[in-house]
Amino acid sequence: MTAEPTPEQRQRWQGDLARKGMDLYTLLTDVLAGKNVTLTTLKMPHEQKPGEKKEEQLRRYLDLVSRAQKRLGTPAWGRCVRCQARLAEIVLDEAPWTELCGACQPK
Ligand SMILES: [Zn+2]
């Protein structure tokens, strides 16, 4: 049983999401400017879709972050988008943009 998030937690996640969104946006700008950027240091889902360009990957991550920003403060926050199971707080602290619980993660 997990308690509802406190305002402090919400604020922290909000800050984490905003920072990540800015990082991603900076990287995307670099990619579009033709710079060679490496995405391996990003703490984002590492799965890569075959043939996906860095630009597409970054846009997908940005979407993920902006969806999480919309969920924050709604009852959907902190729940798996597929099965509505609660996500562990440690998972949200590590990666507040997480959408799927362990059981629903693609293997
Ligand atoms: Zn799930």
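Trainee: Is the crossing of α1 and α2 left-handed or right-handed?
Mentor: In this predicted model, helices are DSSP runs of H or I of at least four residues and strands are runs of E of at least two, both numbered from the N terminus. A crossing is called right-handed if the near helix is turned clockwise from the far one by less than a right angle, and left-handed if anticlockwise. By that rule, the crossing of α1 and α2 is left-handed.

Trainee: How many residues of the contact of α1 with α2 are nonpolar?
Mentor: Two residues are in contact if their C-beta atoms, placed from the backbone, lie within 7 Å; the residues that make this contact include Leu24 and Leu28 of α1, and Leu58 and Leu62 of α2. Ala, Val, Leu, Ile, Met, Phe, Trp, Tyr, Cys and Pro count as nonpolar, Asp, Glu, Lys and Arg as charged, and the others, Gly among them, as polar. Besides 3 polar and 4 charged residues, the number of nonpolar ones is 12.

Trainee: What mean confidence does α1 have?
Mentor: Residues are numbered from 1 along each chain as its sequence is written. Since the model is predicted, local features need pLDDT of at least 70 and side-chain atom pairs count only at pLDDT 80 or more, whereas totals for chains, interfaces and linings use all residues. The pLDDT is the predictor's confidence in each residue, from 0 to 100; the chain averages 91, and 94% of the residues score at least 70. Confidence is lowest in helix α3 (residues 89-94), at a mean of 93, and highest in α1, at 96.

Trainee: Which pattern does the chain follow along the sequence?
Mentor: The chain has 3 helices and 0 strands, and its C-alpha trace spans about 45 × 30 × 20 Å along its principal axes. Read along the sequence, the pattern is α-α-α.

Trainee: Is Leu28 buried, partly exposed or exposed?
Mentor: Leu28 belongs to helix α1 and, leaving aside neighbours within four places in sequence, is in contact with Glu55, Leu58, Arg59 and Leu62. A residue is buried if 20 or more other C-beta atoms lie within 10 Å of its own, exposed if 12 or fewer, and partly exposed in between, with C-beta atoms placed from the backbone. Because Leu28 has 18 such neighbours, its class is partly exposed.

Trainee: What percentage of the 107 residues in the chain is buried?
Mentor: Ala18, found in helix α1, is exposed, with 12 other C-beta atoms within 10 Å. Arg86, in the loop between α2 and α3, has 13 C-beta neighbours inside 10 Å and so counts as partly exposed. Across the 107 residues of the chain, the buried share is 14%.
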